[in-house]
There are 2 protein chains.
Amino acid sequence: MPKFMDVHHGMHGITPQALKDAHQADLDIQGEEDVDFQRAWADPDSGMAWCISEAPSAEAVKRIHDRAGHPATEVYPVPVEV
Amino acid sequence: MPKFMDVHHGMHGITPQALKDAHQADLDIQGEEDVDFQRAWADPDSGMAWCISEAPSAEAVKRIHDRAGHPATEVYPVPVEV
């Protein structure tokens with residue numbers, strides 16, 4: 001399954017609990033699109049956040065994030081990894 | 001140890017071997033700054049790449065990447081993670 005890195009902006013002040021809740025909102029519905037969100041990282045000062053997922057397509061990643069209430073600004077395939 | 005996400009631009013066409021070599025160049029010198037580069041992902045089409053590290057500071061991350069020959073465009077602390 002292809003892997004994706006998605007990028008969020010504007011998440012200023014995000015707390016550990018808020019990121020956990022946002023991630024859980026993805027997990028709750030991701031199976032409907034065969035998406036598997038694996039990890040997420042956030043910087044409360046810059047408002048940036050990143051998620052790594054496996055998914056059938058970037059569009060599937062976008063749709064789950066949209067429906068969970070936190071649209072991604074960018075979604076990139078990351079076929080190269082170490 | 002704080003965790004950081006750094007972002008690279010312009011790595012168009014990067015191959016798995018090239019990312020592995022770039023990562024190894026970081027690993028070879030990271031101990032001099034107490035940096036631990038953990039994972040990296042790249043998108044050959046957009047030329048974007050991301051690395052996750054643990055380090056004493058963003059400046060230490062930047063210095064290792066600079067010396068290894070692949071300067072990071074941005075380095076963000078990521079104190080929030082799931």
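**Close-ups of chains A and B**

**View 1. Strand pairing across the two chains.** Trp41(A) sits opposite Glu81(B) in β5(B). Strand β2 (residues 36-43) of chain A and β5(B) run antiparallel, paired over two bridges (strands pair if DSSP finds at least two bridges between them; helices, H or I with at least four residues, and strands, E with at least two, are DSSP runs numbered from the N terminus). This is a predicted model, where local features need pLDDT of at least 70 and side-chain atom pairs count only at pLDDT 80 or more, while totals for chains, interfaces and linings use all residues. Residues are numbered from 1 along each chain as its sequence is written, with chains lettered from A and ligands numbered from 1 in the order in which they are written.

**View 2. The side of chain B that touches chain A.** Here 22 residues of chain B are in contact with 22 residues of chain A (contact: C-beta atoms, placed from the backbone, within 7 Å). On this side of chain B, α1, β2, β3, β4 and β5 each give two or more residues, and β2(B) gives the most, with five.

**View 3. Two helices of chain A.** Helix α1 (residues 16-29) of chain A packs against helix α2 (residues 58-68) of chain A at about 120 degrees, axes 9 Å apart (axes are lines fitted to C-alpha atoms, for helices over the stretch in contact; angles run from 0 to 180 degrees between N-to-C directions). Touching residues are Ala22(A), Ala25(A), Asp26(A) and Ile29(A) from α1(A), and Ile64(A), His65(A), Arg67(A) and Ala68(A) from α2(A).

Definitions and conventions
Contact = placed C-beta atoms within 7 Å.
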